[in-house]
Amino acid sequence: MSGDPVWMKALLVVHIACGFGSFLLAPVALATAKGGKQHRRWGMVYLWAMGGVAVTALPMALYRPVLFLAMVAVFSFYAAFSGYRVLKLKDLARGGHAKAIDWIAGGLTFASSFLLAYLGAFHNAAVQHMGVVAVVFGLIGMRLSFVQMKSFVKKPTEKMFWWYTHLGNFIGSYVAAWTAFSVVTLPRVFPHAGYALWIWPTAVGVPAIVLTTAYYKRKFAPRVKAVVA
């Protein structure tokens with residue numbers, strides 16, 4: 001790091017600050033009343049922080065080069081971005097249409113995630129010998145972007161689809177923040193953990209998304225009135 005150019009050192013400072021900020025802000029946004037002023041405010045700050053993480057990660061990863069981190073940064077930000085954009089796409093369930101920015105972001109994320117999985121499977125050295133993790137993360141990124149773009153064509157039938165997407169994708173982006181924290185910080189504590197440091201946030205986060213979504217689906221389910229004979 002001492003031999004890096006000034007711009008790399010500056011980007012690293014911004015990257016760490018944004019990463020630490022997003023790490024702290026997600027619980028704040030989740031803890032505030034959903035739809036309230038504070039929830040929207042802290043959610044937007046979190047989104048900008050995640051954007052800062054991605055914007056700084058890409059040039060640093062390409063400079064090294066560390067293609068693995070560059071591609072992970074793309075789909076990590078897309079999770080937060082699509083979680084925000086779905087709030088503007090509530091009318092999809094009523095025949096509305098996605099905007100060009102939604103298609104472009106989804107397409108770029110799918111392509112980047114496909115490349116990540118392909119390199120992990122067939123050109124392991126190109127992704128810093130993170131083959132298994134690259135394939136797993138690539139598949140997650142492809143599924144995330146594909147599901148989003150599919151909803152643009154085959155319109156959702158559930159009225160509250162946007163809520164499930166918003167919640168699940170923002171939690172997914174937070175899983176990415178935890179992954180970065182785990183990989184950068186925890187090797188000092190668990191020097192022989194290896195791939196586990198990359199995988200455990202996903203192993204915890206995915207069930208959390210599934211359970212939380214199931215909870216809200218039960219909460220939003222139409223009440224069936226009892227029929228009196």
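This is a predicted model: local features need pLDDT of at least 70, side-chain atom pairs count only at pLDDT 80 or more; totals for chains, interfaces and linings use all residues.
User: Leaving aside neighbours within four places in sequence, which residues is Asp-4 in contact with?
Analyst: Asp-4 is in contact with Lys-9, Tyr-63 and Arg-64. Contact here means heavy atoms within 4.5 Å. Residues are numbered from 1 along each chain as its sequence is written, and side-chain values use heavy atoms, with hydrogens and water left out.

User: OK, and which side chain does the side chain of Asp-4 make a polar contact with?
Analyst: That would be the side chain of Arg-64, at 2.9 Å. A polar contact is a pair of N or O atoms within 3.5 Å; within protein, one must be able to donate a hydrogen and the other to accept it, and residues adjacent in sequence count only if both atoms are side-chain atoms.

User: Is Asp-4 buried or exposed?
Analyst: Buried, because its relative accessible area is 11%. The cut-offs are under 20% for buried, over 50% for exposed, and partly exposed in between, using a 1.4 Å probe and protein chains only.

User: New topic: how many helices and strands does the protein have?
Analyst: There are 7 helices and 0 strands. The radius of gyration is 19 Å, close to the 17 Å from the globule rule for 229 residues, so the protein is as compact as a globular protein of that length. That radius is taken over C-alpha atoms, and the rule is 2.2 Å times the number of residues to the power 0.38.

User: How much of the protein is buried?
Analyst: Buried residues make up 41% of the 229.

User: What about Gln-148, buried or exposed?
Analyst: Gln-148 is buried, since its relative accessible area is 9%. It is found in helix H5, residues 131-153. Not counting residues up to four places away in sequence, Gln-148 touches Tyr-78, Ser-82, Thr-165 and Asn-169.

User: And why does Val-206 count as partly exposed?
Analyst: Because its relative accessibility is 43%. Val-206 lies in helix H7, residues 196-220.

User: How far apart are Val-206 and Gly-21?
Analyst: They are 185 residues apart in sequence and 22 Å apart in space, C-alpha to C-alpha.

Terms used. Helices (H or I, at least four residues) and strands (E, at least two) are DSSP runs, numbered from the N terminus.
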